[in-house]
Amino acid sequence: MRELLPLSLLGGVIGLDVVCFPQMMFSRPVVAATVAGAFVGDAERGMLVGVVLELIAIATLPFGASRYPEWGSAAVVGGAIGATLHAEQGGTITIGVLAALATAWVGGLTLVKLRQWNAFLARRRRPALDAGARGAVIGLQLAGLTSDFVRAALLTAIGYGLLFPLAAHIQSAWTFSGPLSRSVVVTLAAAVAASAVWTIFHSARGSRWYFAGGLVVGLLLLLGR
Amino acid sequence: MTAPAVQHASPAPQPGPSIPAWTWIAVFTRMLAIQGAWNYETLLGNGIGFCLEPALRHLPGGPHGPAFKQAMARESTYFNAHPYLAAVAVGALARAELSGVPAERIERFRTALAGPLGSVGDRLVWAGWLPFASLLALAAFGLGARPLLVVGIFLVLFNAGHFALRAWGLRVGWKHGLAVAPSLGTPLLRRGPAHLARAAAAAAGVAVPLAAARVLGGSHVMLATVLGVAAMLSVVLIRVHGRVEGYKLALVLIALFALISVAR
């Protein structure tokens, strides 16, 4: 578990990107899980976990005050677990994705708590804010950023610290073959992605035909290989 | 949409004050952290004050003068917008404050602008540009791209749009001040989301089977089975939309699968 501290810091930085700073979307699963995989020595397997998570994450629209899973720190946990488990045994990707989904769910709850914490801090500084004190405005912003970094780093540390030993234990008892395990997780991810694509884009005129056209191109590319 | 209300209530922009380049860099950099203190009560409000602070220092009396304090207090109250398009508000409010526009006009403007900046930005970025960039990266993955290329495609493509949108917003906001509303009617913002939706739908059609095939790494028969079952399951998910979240369903089903794998 020597990787716990650097992974936690990575999770902190990536979790910060989800909402607070700089929102360059390196917190997207396909990026975060790949980077986490590279951190523990296998970017390729980190990316496999990240791609499956990315398909699922397409359904998440972070509109305003809506509540959504926190994919950044979760992808770090899942990507690192997927890349650290024994590749030759079955279930590696499946277990990594499972760990990430569980962390994303808890991470979403921590984002709600962070926003409540920020509101508490803002209420406490209300007189200074009403007086136009620049120190209060800047202080609140820095407090929010720091709290978010700590939240994400702790989430990653606890998530990885608890789930990695559990994941290793599960993998040692895993009985399904690698292909079957991957096919189950890919089926679910593709289904979530397809339903998300329909839900988000169907209101745009002709989008179903664009999807169908893309599908034909994708299948032809597959057959041509 | 309340944009027309803003348009009617706003005066034509007067020749504006000038701000040093260094101040613009500070404002732009702070905009990357505009949601740093996001909360359920003032939402983006504190972030707006935080971003405007370097510009407001140029008010008469400097950062210790009454004009600065009044402006800071006004600009740090409730505000809601998409974080990228909030740049339009930051630019416009900076110009209004430094031009000495009366406080009540600025407050009316803030109220009127918040809705359109939120809804337009959400449709353009979260439901358009982001999934489009993500699906293109997944298609590249499916075509065999290595990790660095997949990550690079996504980050470069997404952030080209991201930074361009922020820079555009700040520029038009500053240029037009309280008369910025017509800029929100630009074809990019009006028709962009629909075009992006179609492009993303096409990208999804390409990306999903290719990405699935590479993760599976198996035969065409297995891929066909996976895609067929996924298609049926997606119909079920569409029918129960709003009642079941996809990621939670995936979590439960994968957990069950793991349990069976370990227990049998």
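1. Ground rules. This is a predicted model, where local features need pLDDT of at least 70, side-chain atom pairs count only at pLDDT 80 or more, and totals for chains, interfaces and linings use all residues. Residues are numbered from 1 along each chain as its sequence is written, while chains are lettered from A and ligands numbered from 1 in the order in which they are written.

2. Chain A overall. You'll find 9 helices and 0 strands in chain A, so the pattern along the sequence reads α-α-α-α-α-α-α-α-α (helices, H or I, of at least four residues and strands, E, of at least two are DSSP runs, numbered from the N terminus). The C-alpha trace of chain A spans about 65 × 50 × 20 Å along its principal axes.

3. Burial and contacts in chain A. Of the 225 residues in chain A, 59% are buried (20 or more other C-beta atoms within 10 Å of the residue's own, with C-beta atoms placed from the backbone). Take the contacts in chain A between residues at least 6 apart in sequence: 76% of them join residues at least 24 apart (a contact means C-beta atoms, placed from the backbone, within 7 Å).

4. Helix 1 against helix 7. In chain A, the axes of helix 1 (residues 4-19) and helix 7 (residues 134-172) come within 7 Å and cross at roughly 135 degrees (axes are lines fitted to C-alpha atoms, for helices over the stretch in contact, and angles run from 0 to 180 degrees between N-to-C directions).

5. Who meets whom. Residues of helix 1 of chain A, including A:Leu4, A:Gly11, A:Gly12 and A:Val19, meet residues of helix 7 of chain A, among them A:Phe149, A:Arg151 and A:Tyr160. By class, this contact has 13 nonpolar, 6 polar and 2 charged residues (Ala, Val, Leu, Ile, Met, Phe, Trp, Tyr, Cys and Pro are nonpolar; Asp, Glu, Lys and Arg are charged; the others, Gly among them, are polar).

6. Chain A with chain B. The contact takes 94 residues from chain A and 86 residues from chain B. On the chain A side, helix 8 of chain A gives the largest share, 21 residues. That side of chain A has 67 nonpolar, 20 polar and 7 charged residues.

7. Chain B. It splits into domain 1 (3-120 + 162-185) and domain 2 (218-263), with bounds from an automatic or database domain assignment. The centres of these two domains of chain B, taken over C-alpha atoms, are 45 Å apart.

Key:
Contact = placed C-beta atoms within 7 Å. Buried ≥ 20, exposed ≤ 12 C-beta atoms within 10 Å, placed from the backbone.
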